[in-house]
Amino acid sequence: VRIYSQQYVQNGFWDDKFKPTTVKGAEELTAAESKRLAEEKLKQQEIETERLKAKEAADKEKKKLAEQKAAEEEKKKQIAEANKIKEQEEKRRKEEIDKKFGDLVNKADREFSSANFQQALNLFNEALKLRNADAYVNSKISDCKNNLEKERNERRKQDEQKYIQNVTREAGDAFNAGKLKDARKKYATLLSKDANNTEASN
């Protein structure tokens, strides 16, 4: 070592020819250790790189799942809101129908009480379009039809009686005027309408 040092002092550089075995061994050990440390460091860097990649992949997957969950929650929220609006609309529509139905039935009842059976029937039919299975409305429609039929029968009866009265008067006038042929025809007409007509049969 002393000679190796002296050579450096004299020449100004280290000459490997004079390098002691101990120094060479120390250098070889240092080189091997440096290589080992470098390899270990590289291995650690590779492990860290893999860890970071795995963490990045995990973070991406976590973010993706979070976004999917948020999207599902938003979709559920939108569906719930849409259902709420639909329910509110159905409730509002039902209330409108109920009110319209009630108004029609009340008007129809007033017309029925006033014996305006045709107007009442029209109103009950309108109400029936809103609730076609309503027992009260169906019952009142039947009552209206029965009363209208009675009215028609009564009108026919009155018209027939009026017709008989007119023909009876015309027959009497013809008889009193000596128009026996005309009188006979009219009395025959009366008998065709009323076989029990005593004035015509006499």
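Analyst: Ala-115 is found in the loop between α2 and α3. The model is a predicted one, and its secondary structure comes to 6 helices and 0 strands. Read along the sequence, the pattern is α-α-α-α-α-α.

User: What makes the phi of Ala-115 a positive value in a residue other than glycine?

Analyst: The phi of Ala-115 is near 65°, and the residue is not a glycine. Most residues other than glycine have a negative phi.

User: Why does Ala-115 count as partly exposed?

Analyst: Its relative accessibility is 38%. Partly exposed covers the range between the buried limit of 20% and the exposed limit of 50%, so Ala-115 counts as partly exposed.

User: Why is α3 called roughly antiparallel to α4?

Analyst: Two packed helices are described by the angle between their axes and the distance between the axes. The axes of α3 (residues 117-130) and α4 (residues 135-176) come within 9 Å and cross at roughly 155°. Angles over 145 degrees count as roughly antiparallel, and that makes α3 roughly antiparallel to α4. The crossing in which α3 passes α4 is left-handed.

User: Which residues of α3 and α4 meet, and how do they divide into nonpolar, polar and charged?

Analyst: On the α3 side, the residues include Phe-117, Leu-121, Phe-124 and Leu-128. Among their counterparts in α4 are Tyr-136, Val-137, Ile-141, Cys-144 and Leu-148. The residues of this contact of α3 with α4 divide into 11 nonpolar, 4 polar and 3 charged.

User: How do you know that Glu-40 and Arg-36 form a salt bridge?

Analyst: Side chains of opposite charge can pair when their charged atoms come close. For Glu-40 and Arg-36, the N to O distance is 2.9 Å. The criterion is a nitrogen within 4 Å of a carboxyl oxygen, so the pair qualifies as a salt bridge. Glu-40 and Arg-36 are 4 residues apart in helix α2 (residues 21-113), which means that about one helical turn separates them. Glu-40 is partly exposed at 39% relative accessibility, and Arg-36 is partly exposed at 40%.

User: What makes the contact between Asp-59 and Lys-55 a salt bridge?

Analyst: The closest N and O atoms of Asp-59 and Lys-55 are 3.1 Å apart. With a cut-off of 4 Å, that pair therefore counts as a salt bridge. Asp-59 and Lys-55 also lie in α2, 4 residues apart, with about one helical turn between them. Relative accessibility is 39% for Asp-59 and 42% for Lys-55; with both values between 20% and 50%, each residue is partly exposed.

User: Why is Lys-129 called exposed, and why is Glu-126 called partly exposed?

Analyst: Lys-129 has a relative accessible area of 64%, and exposed means over 50%, so Lys-129 is exposed. Glu-126 has a relative accessible area of 37%, which is between 20% and 50%, so Glu-126 is partly exposed. The side chains of Lys-129 and Glu-126 meet in a salt bridge at 3.1 Å, N to O. Both residues lie in helix α3, 3 residues apart, about one turn of the helix. Elsewhere, salt bridges that share partners join Glu-89, Arg-92 and Glu-96 into one network.

User: How many salt bridges does a search of the whole structure find, and what percentage of the chain counts as buried?

Analyst: The search finds 13 salt bridges. Of the 202 residues of the chain, 17% count as buried.

Notes
Residues are numbered from 1 along each chain as its sequence is written. This is a predicted model: local features need pLDDT of at least 70, side-chain atom pairs count only at pLDDT 80 or more; totals for chains, interfaces and linings use all residues. Side-chain values use heavy atoms; hydrogens and water are left out. Axes are lines fitted to C-alpha atoms, for helices over the stretch in contact, and angles run from 0 to 180 degrees between N-to-C directions. Helices (H or I, at least four residues) and strands (E, at least two) are DSSP runs, numbered from the N terminus. Angles under 35 degrees count as roughly parallel, over 145 as roughly antiparallel, 65 to 115 as roughly perpendicular and the rest as oblique. A crossing is left-handed if the near helix is turned anticlockwise from the far one by less than a right angle, and right-handed if clockwise. Contact means heavy atoms within 4.5 Å. Ala, Val, Leu, Ile, Met, Phe, Trp, Tyr, Cys and Pro count as nonpolar, Asp, Glu, Lys and Arg as charged, and the others, Gly among them, as polar. Buried means under 20% relative accessible area, exposed over 50%, partly exposed in between (1.4 Å probe, protein chains only).
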